[in-house]
Structure formats: structure tokens, C-alpha cells
Amino acid sequence: MHLVYPAVLSALLFCTGLYGVLARRNAILVLMSVELMLNAVNLNLVAFDVWLSRVARDTLHSGQALTLFTIAIAAAEIGIGLAIVLAVHRNRGTSDIDRLRDTAEGPDGAEPGAIAAEKTEATA
């Protein structure tokens, strides 16, 4: 097999993952897109490792070893990321990235104390 085929497939997978990260608003879909990008990198690592092992017979297969470490890191990342997304969903009731803001901010960057003061003044 030629090196161009896995390289083009990897580029398409990476571009699809990049589009998912930039265009999606659901946090779980963003995490899935990041995983797709990592898998594209893994495909590139293995393809170049196989290609280089054909050129030099005495290789250590470092691309495949690096791929195993990348898979382990990606599994830990998705576990921690999913736990954070579930905790945020329980507290806020949504996993929409646009609706989630820092807890120190209110809408339009106002302080949360100012918003609470406005609500009490409006009800009084």
C-alpha cells in the first residue's frame, strides 16, 4: 500500500474532527470530535512507522509505541472530560457550550452580585 492513502484518510479524519470542534455546541460532541482528531494522528503515526520500517529493516517501531501511549492518554482524557461534562450538566441542566459561562460571570460579563441586587430591587 502506498503512503498517500492513509495520509489522505488521516487528513480527512482530522478535518472532520476539527469541523466538529469548531461547529458543534454540545460538549459531548466536541469531545467525540477531539477523539476523532487523535485517531487521525494515530493513523498517521502507524502509517509512517510501517513506511519507515520498509526502508530500514532494523527499526524499533516507535510510531506504534507512541500510538499506544496516545490511546492511553486519550482514554484518560475522555474519562475525565465526560465526568466534568456530566457534573456540569447536573448542576446547570445543559451541556450547551454557548450557555455555559464562568461561574464568576453573569450575562454580558456583569458580576453575579450586581445581578442579584437588580433582581431584589425589581421585586421590591
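Thr70 is buried, with a relative accessible area of 17%, where buried means under 20%, exposed over 50% and partly exposed in between (1.4 Å probe, protein chains only). The structure is a predicted model, in which local features need pLDDT of at least 70 and side-chain atom pairs count only at pLDDT 80 or more, while totals for chains, interfaces and linings use all residues. Residues are numbered from 1 along each chain as its sequence is written, and side-chain values use heavy atoms, with hydrogens and water left out.

Thr70 belongs to helix H3 (residues 62–92); helices (H or I, at least four residues) are DSSP runs, numbered from the N terminus. Leaving aside residues up to four places away in sequence, Thr70 touches Leu38, Asn42 and Leu45, a contact being heavy atoms within 4.5 Å.

The count of aromatic pairs comes to one, by a rule under which rings of Phe, Tyr and Trp (its six-membered ring) pair if their centres lie within 6.5 Å, with planes under 30 degrees apart counted as stacked, over 60 as edge-to-face and the rest as tilted. Phe48 and Trp51 form this edge-to-face pair, at 6.3 Å centre to centre and 85° between the planes. Both residues lie in helix H2 (residues 27–55), three residues apart, about one turn of the helix.

| Residue | Relative accessible area | Class |
|---|---|---|
| Phe48 | 36% | partly exposed |
| Trp51 | 40% | partly exposed |

As for confidence, the chain averages a pLDDT of 82, and 79% of the residues score at least 70, pLDDT being the predictor's confidence in each residue, from 0 to 100. Among the elements of the chain, helix H1 (residues 4–23) has the highest mean pLDDT (96) and helix H4 (residues 112–123) the lowest (57).

Key:
Helix = DSSP H or I, 4+ residues; strand = E, 2+ residues; numbered from the N terminus.
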